[in-house]
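Hi everyone, thanks for coming along. Have a look at the structure on the screen, and I'll walk you through it piece by piece.

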Amino acid sequence: MNDWRHWRLAAGEGGNLELFLAVDDRSVNVLHSGVLDELEDVLEHLYTEAPPGVILGSDPERAFAMGADVTEFAELENREQALAMLRRGQKLFEDWANLECPTVAAIRGHCLGGGLELALACDYRIAESGPQVQIGLPEVRLGIHPGYGGSVRLPALVGDLKALRMMVTGKTVSGAEAMKLRLVDAVVPRRQLYAAAREMIRRRPAPQRPSWRDRLPHVPALRGAVTWAYVRGMRSAAPKEHFPAPYRLLEHWQALSEDSATALESEAQSVANLFESPQARQMTRIFLLRQELKSHAPNDKATSSVHVVGAGVMGGDIAVWCALNGLRVTLQDTDPKRIAPVIGRARRMLDRRPEDTQATLDRLIPDLEGRGAGSADLVIEAIPENLAAKQDLYRQLQSRMRSDALLATNTSSLPLERLAEVLDEPARLVGIHFFNPVSKMPLVEVIYHDSEQQPLINQAAGFVRHIRRVPLVVKSSPGFLVNRVLMPYLLEAVRLRDEGLSVATIDRTATAFGMPMGPLKLADMVGLDVCLAAGSVLAEAHGAEIPGTLAEMVEAGNLGRKTGRGFYHWKNGEAKRRHVGKPSRDCGDRLVLSMVREAVHCLHESLVERADWIDAGLILGTGFAPFTGGPLELVRRKGTDTVRRRLETLEKRYGPRFAPGPGWDSEQLRKTAP
Amino acid sequence: MQLSYGRTVYVVDGRRTPILKASGSPGPFSASDLAVACSRDLLLRHPQARENIQEVVWGCVMPSESEANISRIIGLRLGLGLDVPAHTVQRNCASGMQALDAAAYRIAQGTADLVLAGGVEAMSRAPVLFGLDAVAWLGGFRRARGRWARLRRLAKFRPRMLHPVSALKCGLTDPVVNLNMGQTAEELAYRFQISRRAMDAFALESHELAARAQDAGVFDGEITPLYDGLTGEVYTQDNGVRHDSSLEQLGRLRPAFDHPSGNVTAGNSAQISDGAAALLLASGEAVERHHLPVLGILHHISWAALDPALMGLGPVHAMRDLFDRTEVTVPEIDCFEINEAFAAQVLACLKAWQDETYMREVLDRDGCLVPIDKERLNPHGGAVAIGHPVGMTGARIVLHVLKQLQRMKGRFGVASLCIGGGQGGAALLEHVS
């Protein structure tokens, strides 16, 4: 009855109107400016029509709404534009909330960010049951906080503490958890979603209110204490100078006015300030890069069975992750005692998803004789890094695998060209390189060593996307991308220690910069033997030098966490705390610029298709300070010449390893990010 | 040879779980867990069969309350496809063999070409039940409306209603003759004059044979290891087998059923345990079309019934029928498996086999059959040593006979067992290479 592109209005039972969102120019519902333009029109229509009730839902094939359009965030030029966008969204949602008739949001699948803020503007919310439902306000992950009225409406609906927890962590909740929070009024099977919504309009129950206990922290006198407690909990893991958004949110909340117009204006101002911050710009950029990497992989589910050889830490975790994501997995190892702990880890990982436990474990099939290799769509080799052993395995595999099946290695240090030598068709082998722990690290490097491999690379990247990881296609070279950039940094940390700096001081310097973990602790966790092996491969390729300490420690059997001793003393998987001293001159720059220098070198070698992907790879693969935008963005922001001069200074002081390599005159380093 | 099945029924292959002795508390795996564990390994070995299975049939005496029609659960958990039908069969201790019979009939009649069949039991997980009076009281309480009515109902509660009944114990008791299975074994020992010492010696030998077979890796070709994710434990062998048993130890055990003077003890009876065995049965067309290997042929299964109080003699009745019907002779059989429900029961079978009076009076047949060589009977021990998960055993002994024939390059084999309630079953198998 109207010619809207994104919204469809239908007459429902009892004169109710049912409004469906299906964003025409996107595959998922995002509230971009075109959608909001039309919403204005829709609201006008609703105000004139004055129906007895309105149900707001999504197209039958779609999730409710993923949130605002992040690409539009990246296009904001100044604070005024941001403010105008926020005020406009707030006004639309406020108008929605002020509709006189009862309104119900019928939530299917994702209801995130702006989508939830729109649902919060409804009188009632009903969610469908099932694991596909995710409700939340994850704005902090983009370096901002809710700005379409969410930070005002959510505390009023569920109570301040619960609302803060959702907004500060950005964590999403399931339908059942939302029900417990009283964020939704009912959870029903999909078939009952609209019937339940109609019933809600007919009955018009009193809207949800938080209990008095949940309302208590709202008392202005107590808000200071709550803020203090939050800040205390956050400041070491997410310091304010790196992640300002949750702090700004708390400040905004602490001063939250009872007058909704004032409260909304305060929200808009706070978010507009954040939009201006470099941190939000970088985190938005990384978010979009992540989407870009995903969308570069085909969205097909051609791979339905995977055979993993080697039930070590990586092989086991890869197998579990694949099974969790619906693939049938055979896990090959000659020793059942190595497979058993993998099943145990799977169980523990599934503790939080009891409804998926049985099906996942049924799909994860121990395979002592390697029978699964004959029928799998994809074979991933994850045995210890030994060239001869791997080559032997490939010789056996190639005769047993299906001719159309993909053969991949999870090696992190052996060159694919050498590994593939033994195959009749060397171009058959690709690298699918996971990071530890598989369930936490979103990045997976997909490695090619032959220009003919494009179809295989697509297949591998499609598989990575299918298991909800982010594929980054990298040309084969020692260390690929992530480990190659990381290794000079780890080695520099060892040198700093050799110079007499304490382990904790070095690590603290790195975490203060924004790394999620210090380099020496990371080395301990990865295993010093693994570091030494990977370092040697890189040293051979690029002529670097490995500090002797590393080899001595490996010789002595101090391999890090797994042996209880490395740079730290480990007990029950935890490193003992050590005293933090004063960092030496240049300590921070020596660590960070080691990575930056190598990243520029990788840019020069065109290891990946786009310069931005180097930044995305380092952030998603190692947790490299996300708010900086990555090593290359860091150079752009500080200025190529400045960073280069700094490296030259370090070269004079500490040796040629800091000499700026090739790549510094690249155009890519001059362009500034959005 | 006269056979019951119209088309030849091939056994492609089979796998089983190790048999886990019940420890007194619920075991780590449910019945469907066990069945899925061995079936998925079997299908891994024959991936070309996976997409083409047309029916799933399992035997299980007592699936848990959340495993009604356990075959369907197994089929779905294996991911065989939503469109593969499944049914569950029950013939007490022969449920696993009954599943093979049901599968064989589907294939023989041409209504299916490839069937996944097996037997499974998780006896350690048998529930504890409350009596009907407790159920009636609870129902009344639920129906009661109003505080008064509920209070009045509450007053009618009696503590004796809480007296739990072990479903396992109930299941192992014949409700018609009111004897538990152990008592039927005592009855046989009495009638055929089998001494305690003979029973214990039989039991000891069963453990010794099983232990030797384990050490020689005989079962490796049948067993799929089980992994317990909670404890990290791996089970690769039947864990009831004792490598250190002795006649003195067995002699010290007290009678378990006829107190205090009986002879049947826990030591000379089959163990209560958990396990599953899966077999793939196929028509000749399916074998050809899907390029499947063949382990052997399932020629015929005979069923017979007798006095429930003497249920342990079931194998004699079933085998007598099997031999009469198929015209195969005892000396042609290279391997016999007679399930060891009780040492006394197997010994009684061997005696009845040679007892002209029994043959004439009870079985109405002239003359005895040729005696069974000791070397050819249960060559790797039996349920006394490795356990008897009731629903599983019928499938397990068929699988073991076929694997043993393959190993010894024999031809014919017979798997037979006694069935609670007074029945016997016997399967004639042939190894083909």
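Let me start with one definition: two residues are in contact if their C-beta atoms, placed from the backbone, lie within 7 Å. Please also keep in mind that this is a predicted model.

With that in hand, take Val398(B). Leaving aside residues up to four places away in sequence, Val398(B) touches Met97(B), Leu100(B), Leu279(B), Ala415(B), Ala427(B) and Leu429(B).

Now let's step back to chain B as a whole. How many helices and strands does chain B have? There are 16 helices and 16 strands. Its radius of gyration is 22 Å, close to the 22 Å that the globule rule gives for 433 residues, so chain B is as compact as a globular protein of that length. The C-alpha trace of chain B spans about 75 × 55 × 45 Å along its principal axes. Of the 433 residues in chain B, 53% are buried. If you look at contacts in chain B with a separation of 6 or more, 81% of them are between residues 24 or more positions apart.

Next, chain A. Its secondary structure comes to 28 helices and 20 strands. A compact globule with 674 residues would have a radius of gyration near 26 Å, and chain A has 27 Å, which agrees. Along the principal axes, the C-alpha trace of chain A spans about 75 × 60 × 50 Å. Buried residues account for 49% of the 674 in chain A. Among contacts in chain A with a separation of 6 or more, 73% join residues 24 or more positions apart.

Chain A is also divided into domains: domain 1 covers 7-276, domain 2 covers 299-476 and domain 3 covers 483-669. The C-alpha centres of domain 1 and domain 2 of chain A are 40 Å apart.

Let's zoom in on one helix of chain A, α19, which runs over residues 454-466. At 1.5 Å a residue, the 13 residues of α19(A) should span 18 Å, and the end C-alpha atoms are 18 Å apart, which agrees. Which residues of α19(A) are buried? They are Ile457(A), Gln459(A), Ala460(A), Ala461(A), Phe463(A), Val464(A), Arg465(A) and His466(A). These buried residues pack against one helix, α13 (278-296), and against the strands β14 (378-381), β15 (406-409), β16 (429-434), β17 (443-448) and β18 (470-475) of chain A. Just after α19(A), Arg468(A) takes a positive phi of about 60 degrees.

That brings us to some backbone details. Most residues other than glycine have a negative phi, and most peptide bonds are trans. So here are some places to look at with that in mind.

Arg204(A) has a positive phi, near 45 degrees, and lies in the loop between α8 (193-203) and α9 (212-215) of chain A. Phe480(A) has a positive phi too, near 55 degrees, and is found in the loop between β18 and α20 (482-498) of chain A. Are these two buried or exposed? Arg204(A) is exposed, with 12 other C-beta atoms within 10 Å, whereas Phe480(A) is buried, with 26 other C-beta atoms within 10 Å.

As for peptide bonds, the one from Asn436(A) to Pro437(A) is cis, with omega near -5 degrees. Pro437(A) lies in the loop between β16 and β17 of chain A. In chain B, the bond from His259(B) to Pro260(B) is cis, with omega near -5 degrees. Pro260(B) sits in the loop between α10 (247-252) and β12 (273-282) of chain B.

Finally, how do the two chains meet? The contact takes 15 residues from chain B and 20 residues from chain A. On the chain B side, α1 (31-45) and β11 (233-235) each supply at least two residues. The most comes from α1(B), with 4 residues. By type, the chain B side divides into 7 nonpolar, 4 polar and 4 charged residues.

Key:
Residues are numbered from 1 along each chain as its sequence is written. Chains are lettered from A and ligands numbered from 1 in the order in which they are written. This is a predicted model: local features need pLDDT of at least 70, side-chain atom pairs count only at pLDDT 80 or more; totals for chains, interfaces and linings use all residues. The expected span of a helix is 1.5 Å times one less than its number of residues. A residue is buried if 20 or more other C-beta atoms lie within 10 Å of its own, exposed if 12 or fewer, and partly exposed in between; C-beta atoms are placed from the backbone. The radius of gyration is taken over C-alpha atoms; the globule rule is 2.2 Å times the number of residues to the power 0.38. Ala, Val, Leu, Ile, Met, Phe, Trp, Tyr, Cys and Pro count as nonpolar, Asp, Glu, Lys and Arg as charged, and the others, Gly among them, as polar. Domain bounds come from an automatic or database domain assignment.
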